[in-house]
Amino acid sequence: MHFVDAKGILNTKNGFSGMNIYRGCTHGCIYCDGRSLCYQFTHKFEDVEVKRNAPELLEQALKSKRTRCMIGTGYMSDSYNHYEPELRLTRKCLEIIHKYGFGVAIQTKSDRILDDIDLLDAINKDAKCVVQTTLTTYDDKLCSIIEPNVCNTKRRIEVLEEMHKRGIPTIVWLSPVLPFINDTEENITAIVNECARVGVKGIICPDMGVTLRDGDREYFYAALDKHFPGLKDRYIHTYGNSYNLSSPDSKKLMKIFRNICIKNGIIFDMDECFKFMNDLPDKQISIFDL
Ligand code: SF4
């Protein structure tokens, strides 16, 4: 890892405020879009850039904001990478979000988020907190291949369950679904049923497929060569250089996914999921505040 002094931390676009405390990631997912050349990394993806002044910048930004809103984090780089336990920058930023009464929508694959569950709980009580994770495969052996350096699906489901017990709403990203790898009926059914069991609020699944761009594609294909000999040729033959690689079974799998969501009252419309994560209700004034 290496440290930088960032110029700013909070990006506000289309009414959504987001921040990335880190740049790059140590979790090693074979399909990671963050590796794409378009993001113009000047360092190795695993050599995580740490914005050491993130808490100070965030405090300045929130102090001057007129209205409270949800702050999104963890979309381009996991907020709970291997350095967070030592650096505690995500935690410091959460403390500032709490101090100024903002809400947070935080995404991670790591169970390190449980270290901050009390703080997330406090934010949720005073404003709103939404915890998001990604689930791609119910098979933990496969999980250790496609997402090698982070806790497995079983553990991530336990994290979702812990959040639910505290009344913290959760959103799952069921993505990517890798053609010829995890695009099976059994996998989608098992994941969505588990989401229902642990009270997941919404599931985001744009398509049963994966997107690949330059940079990301090379890394993904090298992993296919290592772990799934022969599969790269099948990908190239089926998809060429496409950006969208949709599973041949996408239609059938999307139907299964939606049906289980409907049966269990899980939001599956993407706009609705994003709206839920963006909306910050007015704080209810309790008699104890008076
Ligand atoms: S956790 Fe997210 S940012 Fe990190 S390697 Fe995996 S996909 Fe990329």
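Two strands count as paired if DSSP finds at least two bridges between them. The views below show a predicted model.

View 1. Seven strands line up in the order 2-3-6-7-8-9-10 and form an open sheet. The pairing is mixed. Strand 2 (11-13) and strand 10 (202-204) stand at the edges. Each has a single partner strand, so one side of each lacks a neighbour in the sheet. On average, neighbouring strands are turned by 25° against each other, direction ignored.

**View 2. The pairing of strands 6 and 7.** Strand 6 covers residues 70-73, and strand 7 covers residues 103-107. The two run parallel. Four bridges join them. One of the residues involved is M70, whose bridge partner in strand 7 is G103.

**View 3. Helix 4 against the sheet.** Helix 4 spans residues 117-126. This helix lies across strand 7 and strand 8 (129-134). Its direction makes an angle of about 130° with strand 8.

**View 4. The residues around the ligand.** Three cysteines, C25, C29 and C32, are in the shell. H27, G28 and G34 also belong to the shell. S77, D78 and K109 complete the list. By class, the shell has three nonpolar, four polar and two charged residues.

**View 5. Helix 7 packed with helix 10.** Helix 7 (residues 185-197) and helix 10 (residues 250-264) pack with their axes 10 Å apart. The angle between them is about 20°. Angles under 35 degrees count as roughly parallel, so helix 7 is roughly parallel to helix 10. The crossing is right-handed. Helix 7 contributes E185, I188, T189, V192, N193 and A196 to the contact. Helix 10 meets them with L253, I256, F257, I260, C261 and N264. Eight of the contact residues are nonpolar, three are polar and one is charged.

**View 6. Helix 8 crossing helix 9.** Helix 8 takes in residues 216-227, and helix 9 takes in residues 231-239. Their axes come within 8 Å and cross at roughly 135°. That angle makes helix 8 oblique to helix 9. On the helix 8 side, the contact is made by Y221, L224 and D225. On the helix 9 side, L231, K232 and Y235 take part. The contact residues divide into four nonpolar and two charged, with no polar residue.

Methods
Residues are numbered from 1 along each chain as its sequence is written. This is a predicted model: local features need pLDDT of at least 70, side-chain atom pairs count only at pLDDT 80 or more; totals for chains, interfaces and linings use all residues. Axes are lines fitted to C-alpha atoms, for helices over the stretch in contact, and angles run from 0 to 180 degrees between N-to-C directions. Two residues are in contact if their C-beta atoms, placed from the backbone, lie within 7 Å. A residue is near a molecule or strand if its C-beta atom, placed from the backbone, lies within 6 Å of it. Ala, Val, Leu, Ile, Met, Phe, Trp, Tyr, Cys and Pro count as nonpolar, Asp, Glu, Lys and Arg as charged, and the others, Gly among them, as polar. Angles under 35 degrees count as roughly parallel, over 145 as roughly antiparallel, 65 to 115 as roughly perpendicular and the rest as oblique. A crossing is left-handed if the near helix is turned anticlockwise from the far one by less than a right angle, and right-handed if clockwise.
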